[in-house]
Amino acid sequence: MSYSLSLYLVDLDKVRGAIGSQDDKLRRMIGGRFKAQIAHSDDWFSSEIEGGAPTRYDAVRAVIDGGPYDERYGFQYGYAYQMICEFYGRPLFNNDFSPFRGDWLETVDEGLHTLGIKVAVTDFMHGSVPSSLPQPEHLPCYGEWSPEECAQALAQWEATTPEQRATLDPQVLEAIESCIGWTREAQARPGTGVAGFAS
């Protein structure tokens, strides 16, 4: 089975603040901007919806309203939160992580740690959505790199030498360079970090 990371450059405080904000304008704007995406999602999860799961739009409404939630369908609220991140944020280049199989994220983490870089891409696979939301049983997984973590990772990368980088497998190095690209973009927009979803 293969997975994919979807990554967004976003103000993490802003997206967390949308949970329970009861911002009707935000809900309507998400519904309008992602109308086709919502319809596709409802078609994809039609059997779960027939079984009682909320539609994607109802899940977005619940997240923005702060509930009520049906704990059995945490995945829908996780994907609704992803939609909020996509609305407020900007997608980041993910070609080195979409799709991926097996222990690819762990392999990239080993390369990062070999270079003395303290962030981990497995954060996006083994984390969870904010605690105020029902936790998905499986997918989507979620993780964050804070603005401070991005700044630290970029500084650690810039302290490495070409010789150190050359010791890594070329594919791993290419993936790490993508990660560093995310941190550069975060530094260029103060206050932003990386929100990542695995599905």
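The model is predicted, so local features require pLDDT of at least 70 and side-chain atom pairs count only at pLDDT 80 or more, while totals for chains, interfaces and linings use all residues. Residues are numbered from 1 along each chain as its sequence is written, and side-chain values use heavy atoms, with hydrogens and water left out.

**Overall fold**

- The chain contains 11 helices and four strands; these are DSSP runs numbered from the N terminus, with helices being H or I of at least four residues and strands being E of at least two.
- With a radius of gyration of 18 Å, close to the 16 Å that the globule rule gives for 199 residues, the chain is as compact as a globular protein of that length. The radius is taken over C-alpha atoms, and the globule rule is 2.2 Å times the number of residues to the power 0.38.
- Along the principal axes, the C-alpha atoms fill a box of roughly 55 × 35 × 25 Å.
- Among contacts with a separation of 6 or more, 75% join residues 24 or more positions apart, a contact being heavy atoms within 4.5 Å.

**Surface and burial**

- Of the 199 residues, 49% count as buried. Buried means under 20% relative accessible area, exposed means over 50%, and partly exposed lies in between, with a 1.4 Å probe and protein chains only.
- The accessible surface of the chain is about 9,700 Å², and 49% of this surface belongs to carbon and sulfur atoms. Accessible areas come from the Shrake-Rupley method with a 1.4 Å probe; for residues, only the protein chains shown count as cover.

**Charges and salt bridges**

- The chain has 16 positive and 29 negative charges, whose mean positions are 9 Å apart. Lys and Arg count as positive and Asp and Glu as negative, while His and the chain ends are not counted; each charge is placed at NZ of Lys, CZ of Arg, CG of Asp or CD of Glu.
- The count of salt bridges comes to five, a salt bridge being a side-chain nitrogen of Lys or Arg within 4 Å of a carboxyl oxygen of Asp or Glu.
- D13 is exposed at 58% relative accessibility, whereas R16 is partly exposed at 33%.
- A network of salt bridges links D13, R16 and E144.
- D24 and R27 are also joined by a salt bridge (3.3 Å, N to O), and both lie in helix α2 (residues 24–33), three residues apart. D24 is partly exposed at 37%, while R27 is buried at 12%.
- The salt bridge between D70 and R72 has its closest N and O atoms 2.6 Å apart. D70 is partly exposed at 23%, and R72 is exposed at 60%.

**Two buried residues**

- E86, in helix α6 (residues 74–88), is buried yet has no salt bridge; the nearest side chain of opposite charge, R33, is 5.7 Å away. Not counting residues up to four places away in sequence, E86 touches Y8, R33, F34 and Q37.
- S178 belongs to helix α11 (residues 170–188) and is buried at 10% relative accessibility. Not counting residues up to four places away in sequence, S178 touches F93 and D96.
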